[in-house]
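Keep the sequence and the structure in view while reading.

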Amino acid sequence: MIIRILWLLLLVIVSVSPWTLGNPIFLQKPGKPNRPVIKWNPPTDTWNWTTNPRNEEPFFVPSNFTHKLPPSANETELIAHMAALKRNYSRLLWDNDKGTNLPMFVEKALKLLNLKQVYYEVEHSVMSKVSCTACKAGAGLLQHYIRLGKSKDEINKMIFQFCVSLKIQSARVCEGITRLFGSEVVYVLKRITIGPDEICSFVIGDACGDVYNPYHEWEVAFPPVPKPTVRPLESPLEKAPTFKVLQISDTHFDPYYAEGANAECNEPLCCRASNGPALTPGGGAGRWGDYRKCDTPKRTIDHMLKHIADTHTDIDYILWTGDLPPHDVWNQTKEENLKVLQETVAQMSDMFPGVPIFPALGNHESSPVNSFPPPYISSPDQNIAWLYDELDTQWRRWLPAGVSHTVRRGAFYSVLVRPGFRIISLNMNYCNNKNWWLLMNSTDPATELQWLIYELQSAEFSAEKVHIIGHIPPGHSDCLKVWSRNYYAIINRYELTITAQFFGHTHFDEFEVFYDPNDLGRATSIAYVGPSVSPYYDLNLGYRIYYVDGDHEDTTRQVVDHETWIMNLKEANLFGYPIWYKLYSARSAYLMPALRPQDWDKFIDDMTAKEEVFNLYYKHYWKNSPRRGMCDSECRKRLICDARSGRSHDRRALCVHIEARIDGAAPTPQTWRAWLYNGLSVSMSMIMQLPQVAYQIPKFVLGLG
């Protein structure tokens, strides 16, 4: 009650401050001329989160397990360089016997592109100016058709014909993508007034320049409560009680996976009965999964869950961070995705009876993928209630009834796990730059971040520690720059309350460190990015175990240590039986005294200075996959910068010193003869690809990367 009264007083103060919740704040940037105020009325959102009951009763009763922690760091030698394995890029090349008849502005854009680079960047969310040019060409093409007055059906028909005639994908994939995505994209583009420059800066970020866009500049409002004094963070007490926590992420269960099916198809997802039999020796899908573009068969998920239940009998609770359906994004229906949700929830309940599970929503749960309309999209054929209502029904077996109102509104919730310890689950699809609906209005969709501030301020008043879970990491390039910037400010303000964050989405084994915006040398928070169960693609399968500071008088609720467990897919298919084993534990492998933010910052420094330390991280990043390639200096800079980037699309500010240090330690240049030969090879490669690069533009627009 005291907290509620304090909040009412704070809301009165905030209501008369210059911040207007729900509206974009048109920020004046230094060195830029004054711009006219744009009159714009966003859709009305009158939701008042303070009137809903807040979960104040501890939900989780610990099982009193005595957990044996992994061994501490020792002086074992770090693993040396991995063998270089060349990636097979042949799948990036397309037949060049087809002509193209594109608008002149698209033809000009194509001359600037490199086919392999665009394909790789779109597929891996690693964008450059090349991808920016492709984005502008694609967005401009669609807007060109809209300005000509073409109907939705006419545009969809043209997109389909374009896709098929240029052999971007098979006819059935082209048909499915057009049917699922065409109407939504046209609906959004007809209702926005911004052009390709603004659209692509919004979606891609830094690689497309910092284009001023007043429709997508906003800031959340903080209550006028001073930030508590920050003191050095102490390590958790040795041998104190801990919670053992399982994280499962990105299972991507494929109910149509078929052993022996063609694993080398030219579609976004292979290894299915519909792909037909293998066309080449060794081209068939493996029994337990496949390194190629294939998701997880049921037998493998069953085996993994049984292994976890038998091996880790002392799990206290589970973090389940999303992405349940497979990658057949052209072939999905709402009914199919709901069926996958229902079946996997039932399976988790059966395998871990009595174990609390805290889920988060992935970007693949919707149909079409990445489509998460904010609450103001209320028409029955377009809103997201079909998914959020079912999430509430399925998650209710693990969550208290009081969170139903926020789950149904935006698929986020807050639960008091133990006295003084809270878990907050966020819907990270409201930062997803592939969510086209956000182009209409990106201002704090579903008022999620303002609600998060309310929860964190209440937790601060109550001296609670908080763990945040979600799917898309906030520093990943898939997260909108403006959303990520606001989230970063929230983490900084409540750094003494938030003791850990947990995400998935990337399929790799990694982490993100957050820093004080006013002192980028001081780490403030750590986000753990758990590995995927799915091998999609070129990966082994994996899951994470965390040891969290447990119930005792001096608990910090920090992560004490974590382990990554994997299954070697090559050996499982070769010998006919999968073996799961612990790949590494963080403190022992990385010689870390603790896992505080400053310890991870020190580890980033070690990776920057010592190549052998980075090589060990790179092995774990790929879950020890035999398909990982060699990581050159550019690759190394990117991965280390990823680890330092809790804020998306801001690498210039966060990583410039890292790049300079790695460049300074780079090997001496090659001889002029080798330079000339390699330069000619690259030039010829680009020339040969120019006639084919046109095929990739619609692929970018349709989201098939």
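## Cavities

How much space lies in the largest cavity? The model is a predicted one, and its largest cavity holds about 110 Å³ of space. Fourteen residues line this cavity, and those closest to its centre are P53, R54, H405, W451 and E455.

The most comes from α12, with 3 residues. By class, the lining has 6 nonpolar, 6 polar and 2 charged residues. In total, the structure holds 11 cavities of 30 Å³ or more.

## Aromatic pairs

A pair of aromatic rings is described by the distance of the centres and the angle of the planes. The structure holds 30 such pairs. One of them is formed by Y187 and W437, which are tilted, with 5.5 Å from centre to centre and 55° between the planes. Y187 belongs to helix α6 (residues 171-189), while W437 is in the loop between β5 (421-425) and α12, 250 residues apart. Y187 counts as partly exposed because its relative accessibility is 22%, whereas W437, at 2%, counts as buried.

Is the pair of Y488 and F514 stacked or tilted? The ring centres are 5.3 Å apart and the planes meet at 25°, so the pair is stacked. Y488 lies in helix α13 (residues 481-493) and F514 in strand β8 (residues 510-516), so the pair ties together parts 26 residues apart in sequence. Both Y488 and F514 are buried.

## Charges over rings

R287 lies over the face of W288, 5.6 Å from the ring centre. The charged end of K293 sits over the ring of Y537, at 5.2 Å from its centre.

Notes: Residues numbered from 1 in each chain as written. Predicted model: local features only at pLDDT ≥ 70, side-chain atom pairs only at ≥ 80, totals over all residues. Heavy atoms only, no water. 1 Å grid on protein atoms, 1.4 Å probe; cavity = no way out; pocket = protein on both sides within 12 Å on 5 of 7 lines; lining within 4 Å. Points joined across faces, edges and corners; volume = space filled by probe spheres on them. Helix = DSSP H or I, 4+ residues; strand = E, 2+ residues; numbered from the N terminus. Nonpolar A, V, L, I, M, F, W, Y, C, P; charged D, E, K, R; others polar. Phe/Tyr/Trp six-rings, centres within 6.5 Å; stacked < 30°, edge-to-face > 60°. Buried < 20%, exposed > 50% of the residue type's maximum accessible area, 1.4 Å probe, protein only. Lys NZ or Arg CZ within 6 Å of the ring centre and 35° of its normal.
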